[in-house]
Amino acid sequence: MPQLTWLITATTSGLGESLLNHLITRGDRVIATGRDAERRLAYLKSDSVALLDLDVTSGIAVIEAQIRKAWDIWGGIDVLMNNAGVSNPKSIEEAG
Ligand SMILES: NC(=O)c1ccc[n+]([C@@H]2O[C@H](COP(=O)([O-])OP(=O)(O)OC[C@H]3O[C@@H](n4cnc5c(N)ncnc54)[C@H](OP(=O)(O)O)[C@@H]3O)[C@@H](O)[C@H]2O)c1
């Protein structure tokens with residue numbers, strides 16, 4: 001399988017962190033983003049893992065600047081996994 005370049009939002013925990021670890025073992029290249037990701041995930045930085053601070057609620061100018069940086073790391077992005085978000089689990093009765 002060809003090596004893909006991924007950009008994942010919210011890799012600091014949960015599903016994003018699990019996907020990041022899976023892709024590392026698969027041999028893909030990952031731009032791992034999140035709030036304060038460059039500091040929090042510094043131990044993961046390698047030839048195939050790049051880190052970028054990205055709060056998805058930042059203004060458009062900040063987001064565009066970070067995406068431009070991300071694009072320039074390996075000259076493109078094959079897959080965007082826009083995973084950032086919050087879960088608020090409820091029963092069906094509570095959610096209605
Ligand atoms: N788990 C499920 O069963 C389930 C089901 C359906 C959909 N989802 C969706 O899947 C996604 C991940 O779920 P999860 O269970 O892994 O959630 P989680 O364990 O609560 O993790 C949420 C992640 O999102 C990050 N995040 C929150 N706000 C952010 C922001 N403004 N900018 C950047 N990162 C931000 C958090 O970063 P910090 O570490 O900085 O807090 C954390 O890394 C969410 O969008 C959720 O709605 C999950």
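A polar contact here is a pair of N or O atoms within 3.5 Å; within protein, one atom must be able to donate a hydrogen and the other to accept it. The model is a predicted one. Start with Asp28, whose side chain makes such a contact with the side chain of Arg26, at 2.6 Å.

Asp28 sits in the loop between H1 and E2. Is Asp28 buried or exposed? Its relative accessible area is 3%. Buried means under 20%, so Asp28 is buried. Beyond residues up to four places away in sequence, Asp28 touches Pro2, Gln3, Leu4, Trp6, Leu23 and Ser48. Two of these names, Trp6 and Leu23, return in the largest nonpolar core.

That core has eleven residues. They are Trp6, Ile8, Leu20, Leu23, Val30, Ala32, Ala37, Leu41, Leu44, Val49 and Leu51.

Ala32 belongs to the largest core. Setting aside neighbours within four places in sequence, Ala32 is in contact with Ile8, Thr11, Leu20, Ala37, Leu41, Ala50, Leu51 and Leu52.

Now take helix H1, where Leu19 is found. Leu19 touches Trp6, Ile8 and Met81, not counting residues up to four places away in sequence. Leu19 and Trp6 are 13 residues apart in sequence, and their C-alpha atoms are 10 Å apart in space.

Ala10 is not a glycine, but its phi is positive, near 60 degrees. Thr11 has 0% relative accessibility, so Thr11 counts as buried. Which residues does Thr11 touch, not counting those up to four places away in sequence? They are Gly16, Glu17, Leu20, Ala32, Thr33 and Leu41. Leu20, Ala32 and Leu41 are residues of the largest nonpolar core.

A positive phi turns up again at Asp36, at about 60 degrees, and Asp36 is not a glycine either. Asp36 is found in the loop between E2 and helix H2 (37–40). Its relative accessible area is 32%, so Asp36 is partly exposed.

Helix H3 spans residues 60–74 and has 15 residues. Just after H3, Gly75 takes a positive phi of about 75 degrees.

Finally, the ligand. It is surrounded by 16 residues, and the closest are Thr12, Leu15, Arg40, Asp55 and Asn83. Leu15 places a backbone N or O atom 2.6 Å from a ligand oxygen atom. Arg40 has a polar side-chain atom 2.8 Å from an oxygen atom of the ligand. For Asp55, a polar side-chain atom lies 2.8 Å from a ligand nitrogen atom. How much of the ligand does the protein cover? On its own the ligand has 900 Å² of accessible area, and the protein covers 62% of that.

Note on methods
Residues are numbered from 1 along each chain as its sequence is written. This is a predicted model: local features need pLDDT of at least 70, side-chain atom pairs count only at pLDDT 80 or more; totals for chains, interfaces and linings use all residues. Side-chain values use heavy atoms; hydrogens and water are left out. A nonpolar core is a set of buried Ala, Val, Leu, Ile, Met, Phe, Trp, Tyr and Cys residues joined through side-chain atoms within 4.5 Å. Buried means under 20% relative accessible area, exposed over 50%, partly exposed in between (1.4 Å probe, protein chains only). Contact means heavy atoms within 4.5 Å. Helices (H or I, at least four residues) and strands (E, at least two) are DSSP runs, numbered from the N terminus. A residue is near a molecule or strand if one of its heavy atoms lies within 4 Å of it. Accessible areas come from the Shrake-Rupley method with a 1.4 Å probe; for residues, only the protein chains shown count as cover. The expected span of a helix is 1.5 Å times one less than its number of residues.
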